[in-house]
Amino acid sequence: MLLAIGCYFVSISFTLYLPRFVLHLGGNESIAGMLIAVALVPVIIFTPLGGYCADRFGSRRTILFGALVYSLATLGFAGVTTISGIIFALHFVQICGHLFTFPPMLAATTAIIPSKHRAQGIGLLTVSAQFGNMLGAWIGSSLVDNHQFQWYIVFAAFSSAVTLFIWLVAIHPPHTKSKETGRRPWYFPSWKIVIASATLILVVGGVYGTALQFVPTQLLDLHNRGITEKLIPSSWFISTAFIAVAISRIFLSRLSDSRFRDRVIFINNIALLF
(Lines give C-alpha, C1' and ligand atoms only; values in the text may rest on other atoms or scores of the structure.)
Protein backbone atom coordinates (compact mmCIF):
# COMPACT_ATOMS: atom_id res chain seq x y z
CA MET A 1 0.00 0.00 0.00
CA LEU A 2 2.83 2.41 0.83
CA LEU A 3 4.41 1.71 -2.57
CA ALA A 4 1.09 2.38 -4.30
CA ILE A 5 0.64 5.65 -2.40
CA GLY A 6 4.20 6.71 -3.20
CA CYS A 7 3.74 6.01 -6.93
CA TYR A 8 0.43 7.84 -6.92
CA PHE A 9 1.94 10.97 -5.39
CA VAL A 10 4.76 10.89 -7.92
CA SER A 11 1.96 11.48 -10.40
CA ILE A 12 0.17 14.04 -8.22
CA SER A 13 3.31 16.20 -8.32
CA PHE A 14 2.27 17.15 -11.87
CA THR A 15 -0.39 19.45 -10.43
CA LEU A 16 2.40 21.50 -8.81
CA TYR A 17 3.53 22.49 -12.30
CA LEU A 18 0.13 23.32 -13.77
CA PRO A 19 0.76 27.11 -13.49
CA ARG A 20 4.06 26.64 -15.36
CA PHE A 21 2.18 24.60 -17.95
CA VAL A 22 -0.26 27.49 -18.43
CA LEU A 23 2.65 29.89 -18.99
CA HIS A 24 4.20 27.36 -21.37
CA LEU A 25 1.01 27.47 -23.47
CA GLY A 26 1.11 31.27 -23.61
CA GLY A 27 -1.25 32.03 -20.73
CA ASN A 28 -0.66 34.23 -17.70
CA GLU A 29 -0.84 33.85 -13.93
CA SER A 30 -4.47 34.99 -13.84
CA ILE A 31 -5.47 32.06 -16.03
CA ALA A 32 -3.31 29.78 -13.91
CA GLY A 33 -5.12 31.01 -10.81
CA MET A 34 -8.50 30.29 -12.39
CA LEU A 35 -7.32 26.80 -13.34
CA ILE A 36 -6.26 26.07 -9.76
CA ALA A 37 -9.57 27.47 -8.46
CA VAL A 38 -11.47 24.99 -10.66
CA ALA A 39 -10.38 22.24 -8.26
CA LEU A 40 -12.54 23.68 -5.48
CA VAL A 41 -15.78 22.67 -7.20
CA PRO A 42 -15.18 18.89 -7.39
CA VAL A 43 -13.61 18.94 -3.91
CA ILE A 44 -16.86 20.19 -2.43
CA ILE A 45 -19.12 17.98 -4.54
CA PHE A 46 -17.28 14.70 -4.95
CA THR A 47 -15.32 14.22 -1.72
CA PRO A 48 -18.38 12.89 0.17
CA LEU A 49 -19.42 10.89 -2.91
CA GLY A 50 -16.01 9.21 -3.08
CA GLY A 51 -16.33 8.14 0.55
CA TYR A 52 -19.87 6.87 -0.03
CA CYS A 53 -18.78 4.80 -3.04
CA ALA A 54 -15.92 3.29 -1.04
CA ASP A 55 -18.39 2.23 1.68
CA ARG A 56 -20.98 1.04 -0.82
CA PHE A 57 -18.87 -0.71 -3.46
CA GLY A 58 -15.59 -1.27 -1.62
CA SER A 59 -12.43 0.79 -1.50
CA ARG A 60 -10.62 -1.31 -4.13
CA ARG A 61 -13.23 -0.78 -6.86
CA THR A 62 -13.49 2.91 -6.05
CA ILE A 63 -9.71 3.36 -6.13
CA LEU A 64 -9.39 1.51 -9.43
CA PHE A 65 -12.08 3.71 -10.97
CA GLY A 66 -10.56 6.92 -9.60
CA ALA A 67 -7.00 6.04 -10.63
CA LEU A 68 -8.17 5.19 -14.15
CA VAL A 69 -10.01 8.51 -14.47
CA TYR A 70 -7.04 10.43 -13.07
CA SER A 71 -4.57 8.67 -15.40
CA LEU A 72 -6.63 9.34 -18.53
CA ALA A 73 -7.27 12.97 -17.60
CA THR A 74 -3.58 13.54 -16.91
CA LEU A 75 -2.60 11.94 -20.20
CA GLY A 76 -5.12 14.21 -21.92
CA PHE A 77 -2.93 17.23 -21.11
CA ALA A 78 -0.38 15.87 -23.59
CA GLY A 79 -2.72 16.82 -26.42
CA VAL A 80 -3.28 20.39 -25.22
CA THR A 81 -1.35 22.98 -27.25
CA THR A 82 -3.29 26.19 -26.56
CA ILE A 83 -5.25 27.78 -23.73
CA SER A 84 -8.89 26.73 -24.06
CA GLY A 85 -11.76 25.31 -22.07
CA ILE A 86 -10.28 21.84 -22.57
CA ILE A 87 -7.53 22.46 -20.03
CA PHE A 88 -10.12 23.46 -17.41
CA ALA A 89 -12.26 20.41 -18.19
CA LEU A 90 -9.27 18.08 -17.94
CA HIS A 91 -8.23 19.51 -14.58
CA PHE A 92 -11.82 19.19 -13.31
CA VAL A 93 -11.95 15.52 -14.32
CA GLN A 94 -8.44 14.99 -12.96
CA ILE A 95 -9.44 16.25 -9.51
CA CYS A 96 -12.61 14.13 -9.62
CA GLY A 97 -10.45 11.07 -10.25
CA HIS A 98 -8.19 12.06 -7.35
CA LEU A 99 -11.17 12.35 -4.99
CA PHE A 100 -12.25 8.82 -5.89
CA THR A 101 -8.70 7.58 -5.36
CA PHE A 102 -6.92 9.10 -2.39
CA PRO A 103 -9.66 9.31 0.30
CA PRO A 104 -10.60 5.60 -0.16
CA MET A 105 -6.88 4.75 -0.35
CA LEU A 106 -6.27 6.58 2.92
CA ALA A 107 -9.28 4.94 4.58
CA ALA A 108 -8.30 1.43 3.39
CA THR A 109 -4.75 1.88 4.65
CA THR A 110 -5.84 3.36 7.98
CA ALA A 111 -8.31 0.52 8.57
CA ILE A 112 -5.55 -2.11 8.78
CA ILE A 113 -3.40 -0.11 11.24
CA PRO A 114 -3.82 -1.16 14.91
CA SER A 115 -5.58 1.59 16.84
CA LYS A 116 -2.75 1.99 19.36
CA HIS A 117 -0.33 2.73 16.49
CA ARG A 118 -2.77 4.67 14.30
CA ALA A 119 -0.88 7.98 14.30
CA GLN A 120 2.46 6.28 13.57
CA GLY A 121 0.90 4.32 10.71
CA ILE A 122 -0.62 7.44 9.19
CA GLY A 123 2.74 9.14 9.68
CA LEU A 124 4.46 6.46 7.58
CA LEU A 125 1.72 6.80 5.00
CA THR A 126 2.36 10.54 4.84
CA VAL A 127 6.12 10.00 4.54
CA SER A 128 5.48 7.69 1.58
CA ALA A 129 3.25 10.31 -0.04
CA GLN A 130 5.74 13.13 0.55
CA PHE A 131 8.61 11.03 -0.80
CA GLY A 132 6.56 10.39 -3.95
CA ASN A 133 5.78 14.09 -4.26
CA MET A 134 9.45 14.98 -3.78
CA LEU A 135 10.64 12.43 -6.36
CA GLY A 136 8.02 13.60 -8.83
CA ALA A 137 8.98 17.24 -8.22
CA TRP A 138 12.66 16.54 -8.92
CA ILE A 139 11.89 14.67 -12.13
CA GLY A 140 9.31 17.27 -13.10
CA SER A 141 11.69 20.17 -12.48
CA SER A 142 14.39 18.66 -14.68
CA LEU A 143 11.93 18.04 -17.53
CA VAL A 144 9.96 21.28 -17.23
CA ASP A 145 13.07 23.47 -17.02
CA ASN A 146 14.20 21.89 -20.31
CA HIS A 147 10.79 22.54 -21.92
CA GLN A 148 9.88 18.86 -22.04
CA PHE A 149 6.35 19.14 -20.70
CA GLN A 150 5.03 16.38 -22.92
CA TRP A 151 7.42 13.83 -21.42
CA TYR A 152 6.53 14.96 -17.91
CA ILE A 153 2.82 14.53 -18.61
CA VAL A 154 3.39 11.02 -19.97
CA PHE A 155 5.53 10.21 -16.93
CA ALA A 156 2.83 11.48 -14.53
CA ALA A 157 0.13 9.45 -16.28
CA PHE A 158 2.37 6.37 -16.23
CA SER A 159 3.01 6.74 -12.48
CA SER A 160 -0.72 6.85 -11.82
CA ALA A 161 -1.18 3.80 -14.05
CA VAL A 162 1.42 1.96 -11.93
CA THR A 163 -0.71 2.71 -8.87
CA LEU A 164 -3.71 1.31 -10.71
CA PHE A 165 -1.77 -1.85 -11.56
CA ILE A 166 -0.56 -2.36 -7.96
CA TRP A 167 -4.08 -2.11 -6.57
CA LEU A 168 -5.43 -4.35 -9.32
CA VAL A 169 -2.87 -7.14 -8.87
CA ALA A 170 -1.41 -7.01 -5.36
CA ILE A 171 -3.82 -5.30 -2.96
CA HIS A 172 -7.13 -6.73 -1.81
CA PRO A 173 -8.30 -4.79 1.25
CA PRO A 174 -11.23 -6.29 3.17
CA HIS A 175 -14.57 -4.68 2.47
CA THR A 176 -16.08 -3.75 5.80
CA LYS A 177 -19.30 -1.91 6.37
CA SER A 178 -19.54 0.60 9.15
CA LYS A 179 -21.85 -0.31 11.99
CA GLU A 180 -24.95 1.79 12.47
CA THR A 181 -24.91 3.53 15.81
CA GLY A 182 -28.16 5.40 15.47
CA ARG A 183 -28.89 8.85 14.17
CA ARG A 184 -27.23 11.66 16.05
CA PRO A 185 -28.23 15.33 16.03
CA TRP A 186 -26.13 17.72 13.95
CA TYR A 187 -24.85 19.46 17.06
CA PHE A 188 -23.33 16.29 18.50
CA PRO A 189 -19.74 17.03 19.65
CA SER A 190 -18.16 14.68 17.09
CA TRP A 191 -19.68 16.76 14.29
CA LYS A 192 -18.16 19.88 15.80
CA ILE A 193 -14.76 18.22 15.66
CA VAL A 194 -15.29 17.12 12.06
CA ILE A 195 -16.43 20.58 10.94
CA ALA A 196 -13.58 22.32 12.76
CA SER A 197 -11.00 19.92 11.33
CA ALA A 198 -12.42 20.18 7.81
CA THR A 199 -12.36 23.99 7.98
CA LEU A 200 -8.77 23.98 9.20
CA ILE A 201 -7.67 21.57 6.46
CA LEU A 202 -9.52 23.53 3.77
CA VAL A 203 -8.01 26.88 4.76
CA VAL A 204 -4.48 25.81 5.64
CA GLY A 205 -4.30 23.15 2.92
CA GLY A 206 -5.59 25.59 0.34
CA VAL A 207 -3.03 28.24 1.24
CA TYR A 208 -0.16 25.74 1.49
CA GLY A 209 -1.08 23.96 -1.73
CA THR A 210 -1.56 27.17 -3.69
CA ALA A 211 1.79 28.52 -2.47
CA LEU A 212 3.54 25.36 -3.65
CA GLN A 213 1.86 25.49 -7.05
CA PHE A 214 2.95 29.06 -7.74
CA VAL A 215 6.55 28.66 -6.57
CA PRO A 216 7.69 27.38 -10.02
CA THR A 217 6.18 30.44 -11.75
CA GLN A 218 7.68 32.81 -9.19
CA LEU A 219 11.16 31.35 -9.66
CA LEU A 220 10.75 31.62 -13.44
CA ASP A 221 9.68 35.27 -13.09
CA LEU A 222 12.75 36.06 -10.96
CA HIS A 223 14.97 34.56 -13.66
CA ASN A 224 13.21 36.36 -16.53
CA ARG A 225 13.60 39.72 -14.74
CA GLY A 226 17.31 39.12 -14.24
CA ILE A 227 17.12 38.92 -10.45
CA THR A 228 18.64 35.44 -10.52
CA GLU A 229 21.42 34.63 -12.96
CA LYS A 230 20.33 31.01 -13.33
CA LEU A 231 16.87 29.50 -13.04
CA ILE A 232 16.54 28.12 -9.50
CA PRO A 233 15.13 24.57 -9.68
CA SER A 234 11.70 24.66 -8.09
CA SER A 235 12.34 21.17 -6.73
CA TRP A 236 14.70 22.68 -4.14
CA PHE A 237 11.94 24.66 -2.46
CA ILE A 238 9.28 21.98 -2.89
CA SER A 239 11.56 19.25 -1.54
CA THR A 240 12.39 21.34 1.53
CA ALA A 241 8.69 21.69 2.30
CA PHE A 242 8.02 17.98 1.83
CA ILE A 243 11.02 16.96 3.93
CA ALA A 244 9.82 19.20 6.77
CA VAL A 245 6.39 17.58 6.63
CA ALA A 246 7.86 14.07 6.59
CA ILE A 247 10.19 14.75 9.52
CA SER A 248 7.38 16.19 11.62
CA ARG A 249 5.27 13.09 10.91
CA ILE A 250 8.08 10.77 11.98
CA PHE A 251 8.87 12.50 15.28
CA LEU A 252 5.39 13.64 16.29
CA SER A 253 3.38 10.57 15.34
CA ARG A 254 4.65 8.54 18.30
CA LEU A 255 3.63 11.34 20.68
CA SER A 256 0.23 11.49 18.99
CA ASP A 257 -0.34 7.83 19.89
CA SER A 258 0.39 8.57 23.55
CA ARG A 259 -1.36 10.55 26.23
CA PHE A 260 0.26 13.71 24.83
CA ARG A 261 -1.99 13.76 21.74
CA ASP A 262 -3.95 16.82 22.87
CA ARG A 263 -0.73 18.72 23.56
CA VAL A 264 0.66 17.89 20.12
CA ILE A 265 -2.54 19.11 18.46
CA PHE A 266 -2.57 22.28 20.59
CA ILE A 267 1.08 23.13 19.86
CA ASN A 268 0.64 22.55 16.12
CA ASN A 269 -2.46 24.73 16.00
CA ILE A 270 -0.50 27.52 17.70
CA ALA A 271 2.28 27.07 15.12
CA LEU A 272 -0.27 27.37 12.31
CA LEU A 273 -1.41 30.73 13.67
CA PHE A 274 2.08 32.09 13.13
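Among contacts in the protein chain between residues at least 6 apart in sequence, what percentage join residues at least 24 apart? In this predicted model, the share of such contacts that join residues at least 24 apart is 81%.

## Overall build

The protein chain holds 12 helices and 0 strands, and read along the sequence its pattern is α-α-α-α-α-α-α-α-α-α-α-α. Of its 274 residues, 41% are buried, while the chain exposes about 15500 Å², with carbon and sulfur atoms supplying 70% of that area.

## Helix H6

Helix H6 covers residues 85-99, and its 15 residues reach 21 Å from the first C-alpha to the last, which is close to the 21 Å expected at 1.5 Å a residue. Among the buried residues of H6 are Ile87, Leu90, His91 and Gln94, and the run from Ile95 through Cys96, Gly97 and His98 to Leu99 is buried as well.

## Aromatic pairs

The count of aromatic pairs comes to 6. One of them joins Tyr17 and Tyr152, whose ring centres lie 5.6 Å apart with the planes at 85°, so the pair is edge-to-face. This pair links distant parts of the chain, since Tyr17 sits in the loop between helices H1 and H2 and Tyr152 in helix H9, 135 residues apart. Both Tyr17 and Tyr152 are buried.

Phe65 and Phe100 also form an edge-to-face pair, with 5.6 Å from centre to centre and 90° between the planes; Phe65 belongs to helix H5 and Phe100 to the loop between H6 and H7, 35 residues apart. Phe65 is partly exposed, with a relative accessible area of 47%, whereas Phe100 is buried, with a relative accessible area of 8%.

## Aromatic cluster

Tyr17 and Tyr152 belong to one aromatic cluster together with Phe14, Phe21, Phe77 and Phe149.

Conventions
Residues are numbered from 1 along each chain as its sequence is written. This is a predicted model: local features need pLDDT of at least 70, side-chain atom pairs count only at pLDDT 80 or more; totals for chains, interfaces and linings use all residues. Side-chain values use heavy atoms; hydrogens and water are left out. Helices (H or I, at least four residues) and strands (E, at least two) are DSSP runs, numbered from the N terminus. Buried means under 20% relative accessible area, exposed over 50%, partly exposed in between (1.4 Å probe, protein chains only). Contact means heavy atoms within 4.5 Å. Accessible areas come from the Shrake-Rupley method with a 1.4 Å probe; for residues, only the protein chains shown count as cover. The expected span of a helix is 1.5 Å times one less than its number of residues. Rings of Phe, Tyr and Trp (its six-membered ring) pair if their centres lie within 6.5 Å; planes under 30 degrees apart count as stacked, over 60 as edge-to-face and the rest as tilted.
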